[in-house]
Amino acid sequence: MEVLNESTTKKPKRLTSVVWEHFEKVRKADIWYAICVHCNKKLSGSSNSGTTHLRNHLLRCLKKSESGYDVSQLLTAKKRKKENTLSIENISFDEGRKKDEYIKPAIINYEPEPRKDEVFNLGNGRFDQERSQQDLVRMIILHGYPLAMVDHVGFKVFVKNLQPLFDVVPNSTVEFSCMEIYEKEKIKVYEMLSKLHGRINLAVEMWSSPENAEHLCFTAHYIDDDWKLQKKILNFVTLDSSHTEDMLSEVIIKCLMEWDIECKLFAMTFDECSTDDDIVLRIKDRISQNRPRLSNGQLLDVRSSAHVLNSIVRDAMEALKVMIQKIRGSIRYVKSSQSIQGKFNEIAQQAGLNSQKSLALDCPLRWNTTFFMLETALEYRSIFYQLPELDPELVTSNEEWEWVSSITHYLKLFVEIINVFSSNRSPTANIYFAEICDVHIQLIEWCKTPDNFLSSVAAKMKTKFDKYWSKCSLALAVAAILDPRFKMKLVEYYFSQIYGSTALDRIKEVSDGLKELFNAYSICSTLIDQGSALPGSSLPSTSSDGRDRLKGFDKFLHETSQSQSSISDLEKYLEEPVFPRNCDFNILNWWRVHTPRYPILSMMARDVLGTPMSTLAQESAFNAGGRVLDSCRSFLNPVTRQALMCAQDWLRIQPDDLNPSSSHHPLSVSVEAN
């Protein structure tokens with residue numbers, strides 16, 4: 001909680017409220033706390049927090065303690081204060097209603113006698129101030145409301161007319177309660193991750209803010225023990241100007257260490273292909289100093305496919321920049337007046353053009369709207385020439401229209417693929433390989449065009465794609481192979497089109513990488529059976545005694561035993577027929593059912609399929625500016641900002657935690673995140 005520092009030179013304000021007879025005000029660092037002398041509970045003691053929350057606590061605490069203190073003194077002091085201030089119940093938003101017609105909240109007489117469960121009876125319902133305050137705070141977290149909403153007059157009027165007994169807490173108290181909820185939920189997430197049998201994939205995504213500050217969002221992706229794809233935001237770190245790329249690896253390592261998941265890490269996904277490779281190498285070295293890494297030191301380094309495709313599209317849009325400005329200006333001219341719009345429609349009808357699409361300007365920050373603008377404009381290209389008084393500078397030549405037509409055709413593929421990625425509610429890693437291969441094949445064809453302008457644009461797009469493909473093709477292929485509908489056949493199908501005569505060598509590289517990864521899991525499984533390792537842990541480290549000379553024995557034993565034993569999980573899986581393709585297929589359910597048949601391979605499948613091959617959310621799938629923090633949270637201090645971002649994510653995917661306890665019997669509300 002952010003509390004204003006009390007100046008050491010300013011004379012402390014005299015504590016005049018009667019509640020301070022029951023609290024001791026102490027200062028810890030720069031924060032003031034009020035410690036209850038009856039129960040030692042620590043509450044906010046800041047001067048701008050007021051005393052309402054202290055009085056509410058005291059009313060409950062004194063009744064619990066049965067000290068015999070006359071709580072009516074507290075009520076009398078509160079009543080006197082209200083008589084000297086403007087009553088919020090006199091405020092009405094209905095200006096047409098006379099004051100004497102305004103329905104005021106019923107007056108509730110407070111009875112000081114103790115009541116069961118500290119709940120106030122109000123007719124047939126029951127009211128609990130503390131529980132209601134917690135519900136308010138959780139609502140603010142869950143829906144991303146500004147903390148200051150509790151200070152808004154409209155909110156106070158609404159609450160007072162809805163429940164007169166509820167005392168609206170100040171902004172600072174809400175912030176304090178948010179931090180408490182964050183800390184409690186963090187413990188739950190930590191315990192859940194520590195018990196997870198599978199490995200964890202970490203997505204690292206960059207956010208910006210209206211103030212041009214940069215933030216790093218760390219999200220854990222994994223498949224739980226019920227074979228459900230899950231993700232949880234672990235940290236939301238604000239980077240100051242002193243952060244460099246060298247320090248970025250330290251920030252990531254700190255996150256891993258804080259959650260104690262460095263031994264569970266399977267892969268890392270970065271949102272940009274331009275991320276320095278040295279960052280990944282430093283992370284690999286740090287986390288492997290005391291723990292061997294998976295698959296002979298190989299840690300999958302993945303880049304977000306949607307981010308890469310968006311980056312490639314930006315190159316194409318930049319090449320069309322002049323033409324896009326002309327078309328945008330022409331459409332703006334057509335829509336500038338009803339007469340020009342009418343003339344345009346008349347010419348279109350005379351030309352026999354019966355398009356169902358209407359001209360619309362794009363939003364430059366969302367490139368898919370630019371695509372739709374160009375696609376529609378192409379249908380009316382002949383009509384633009386016939387417009388009277390069109391600025392000559394806005395006239396697009398036939399050659400430019402052909403370029404726009406070709407590149408718009410390119411972009412259509414990207415729109416379709418990104419829609420597939422962003423709309424999938426369970427985006428397991430197997431869905432990406434075929435789509436990315438289609439892009440690869442099309443880029444090869446586009447580079448063959450005889451037009452110099454188009455071939456140069458395609459070459460630039462392919463150069464960026466090739467960098468991504470070199471890093472992620474193995475991970476994409478392995479995930480596709482673990483889809484029982486495709487197995488090795490899909491890799492063979494696409495690689496023959498992409499690589500031609502060298503396809504067999506490329507297929508063998510994928511096959512060798514798959515076997516290497518499987519062997520690592522087989523060794524780990526053997527040691528688990530022997531009690532030398534735990535599920536979800538990395539390959540066990542060797543001790544520092546004389547047994548170190550036998551550190552290769554485990555691998556030797558596995559390899560020699562395997563040759564003498566029956567067929568392995570991987571060989572059995574690949575030799576069996578592919579599963580029939582159908583639209584209702586659920587790959588995670590398939591592996592859950594077939595875990596007994598492929599016990600080792602299923603362990604590997606769970607980790608591979610849980611790898612986030614794309615980190616772009618649906619709402620920002622076509623956003624040219626990336627993820628942007630809202631203005632309300634960008635002004636918070638970094639600690640509070642991280643708490644709200646993480647807690648919102650944790651509460652959203654745990655709707656049961658929002659249901660009030662059964663002892664209060666209020667109406668249950670089902671929460672579904674968008």
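Which residue forms a salt bridge with Asp-607? In this predicted model, the partner is Arg-199, and the closest N and O atoms are 3.5 Å apart. The pair links distant parts of the chain, 408 residues apart. Asp-607 sits in helix H22, residues 599-609, while Arg-199 is in the loop between H5 and strand E6. Both Asp-607 and Arg-199 are buried.

Next, a pair within one helix. Side chains of opposite charge can pair when their charged atoms come close. Lys-188 and Glu-185 do this, with a salt bridge of 3.3 Å, N to O. Why are the two separated by about one helical turn? Because they are three residues apart in helix H5, which covers residues 171-195. Glu-185 is buried, at 2% relative accessible area, whereas Lys-188 is partly exposed, at 39%. Arg-138 joins Glu-185 and Lys-188 in a network of salt bridges.

One more pair: Arg-303 and Asp-301 meet through their side chains at 3.0 Å, N to O. Arg-303 and Asp-301 are both buried. The count of salt bridges comes to 23.

Now the nonpolar side. The largest nonpolar core has 104 residues. Helix H16, residues 452-481, gives the largest share of this core, with 15 residues. Those with the most contacts inside the core are Phe-384, Phe-433, Trp-469 and Trp-591. Leaving aside residues up to four places away in sequence, Trp-591 touches several others, including Trp-227, Pro-484, Tyr-573 and Leu-609. Apart from this core lies another, of 57 residues, with Val-174, Val-251, Cys-646 and Ala-647 among them.

Technical notes
Residues are numbered from 1 along each chain as its sequence is written. This is a predicted model: local features need pLDDT of at least 70, side-chain atom pairs count only at pLDDT 80 or more; totals for chains, interfaces and linings use all residues. Side-chain values use heavy atoms; hydrogens and water are left out. A nonpolar core is a set of buried Ala, Val, Leu, Ile, Met, Phe, Trp, Tyr and Cys residues joined through side-chain atoms within 4.5 Å. Buried means under 20% relative accessible area, exposed over 50%, partly exposed in between (1.4 Å probe, protein chains only). Helices (H or I, at least four residues) and strands (E, at least two) are DSSP runs, numbered from the N terminus. Contact means heavy atoms within 4.5 Å. A salt bridge is a side-chain nitrogen of Lys or Arg within 4 Å of a carboxyl oxygen of Asp or Glu.
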